[in-house]
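Hi,

Here is the structure I promised to pass on. Have a look at it first, and my notes follow below.

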Amino acid sequence: MERSSLISGFYKLNPKERLRLVKEFANLSQEECDLLQNTGSLPMSLADRMIENVVGVFPIPVGIAVNFLINGADYLVPMAIEEPSVVAAASYAAKMVRDGGGFHTSSTPPVMIGQIQTVSVKDPEAARQRVLEAKETILRKANEQDPVLVSAGGGAKNLDAKVIDTAAGPMLITELYVDCRDAMGANAVNTMAEAIASTVENLTGGHVYLRIISNLATKRLAQAQCVVPKESVGGEEVVDGIVYASAFAEADPYRAATHNKGAMNGIIAVILATGNDHRAIEAGAHAYAALKGQYTSLSKWEKTEKGDLRGSIELPMAVGLIGGAVRTHPIAKVAMKILGVRTANEFAEVLAAVGLAQNLAALRALAHEGIQRGHMSLHARNIAAAAGAPEDIVNLVAERMVKERKIRMDRAIELIKELSADES
Ligand code: MEV
């Protein structure tokens, strides 16, 4: 029979029925189907309400990064991530930073930007003026959409408008600035942007197409900084190595991408564990890194007069404590309780600190001993497990492979045979 991915009404089926079709299409075994539907802490009924066409769930380890001292308060940081070493590295870096008094953080008010795109405007500059003059009317209409947010002290606070040249001609872009308080804000902002579209059309005589939040949240920034005593970081030479690494990333986009990836390893792991939108954070961070025209590093490391290491990071941080999966995913709720943050601002600042810690750990390893040694023992355990090592000899197999510097599947299989024979 011909296989076809054209399946009408797939969404109307329940997860079991959907999986039956997928099973046939992809020739899955019953065991593979059972793996997908072994839902653990996320009941299938809930998963099925969270997204469309659900057939199962995807578990990821949750680890806790320890040692974080931020603005004098202690935090345990839940991280959901598949990459070995990240949680250990964050904990290690937080310990070094603690020696220097911990992280100091700050953030701007939680303001998100909504964009309204107007095309076919006869005199864009005059239209821009009319939009600016109608600011109070537009803001009032926007705020009528969300009385709850307004009563919490948030809401549309301001707006701006700009004319941009594009391949499709000039466009007038109206930008609405919305204080989202403890929400990430996409729903509130998008609703407001849609509601004011007709007013903008009337004012400009143009045609509105897009009405959507911008993930380049330049008005919702989080900053973290720290000073690490040179003894804690491994001495003067390591401080110099990290400062050189920072300058390299600042100057070269190829290195900056990897440097920032290191910081995002930590941030995204917390975002995922807490059910926030990690694509929004990732998009915002990288766009912010390129805001001045050349993609560069989000963090900076320099040497203090005393020879210690000073680091800082700044990036957009559109996170919420309410809305979306944060309040529906059972694990996200527990993760939030562990983290214990009371406001979205506090949450954003903790995330900036985690990013700085993760970045520090990576740079220290790179400048000091190379990244591989630290990665190797966890990597070796994964290889040992994948090669089928029983639980009681996984560590033994991994240790032998690391010692021999042969972390490979074929060697793991040989060692499993050897060590199992020894045991019997
Ligand atoms: C690996 O996940 C992250 C690093 O590549 C980051 C960096 O190079 O700074 C180690």
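The side chain of Lys 261 has an N or O atom 2.7 Å from an oxygen atom of the ligand, which counts as a polar contact (a pair of N or O atoms within 3.5 Å). Glu 83 also has a side-chain N or O atom 2.7 Å from a ligand oxygen, and for Asn 265 the distance is 2.9 Å. The protein covers 86% of the 300 Å² of accessible area that the ligand has on its own (Shrake-Rupley method, 1.4 Å probe).

Before you read on: this is a predicted model, where local features need pLDDT of at least 70 and side-chain atom pairs pLDDT 80 or more, while totals for chains, interfaces and linings use all residues. Numbering starts from 1 along each chain as its sequence is written, and side-chain values use heavy atoms, without hydrogens or water.

Helices are DSSP runs of H or I with at least four residues, strands runs of E with at least two, both numbered from the N terminus.

Elsewhere there is an open, antiparallel sheet of four strands, ordered β5-β6-β4-β7; strands pair if DSSP finds at least two bridges between them. At its edges sit β5 (155-166) and β7 (207-214). β5 is joined to β6 by eleven bridges, with Ile 164 opposite Met 171.

Cheers

How values were computed:
Polar contact = N/O pair within 3.5 Å; in protein donor to acceptor, adjacent residues only side chain to side chain.
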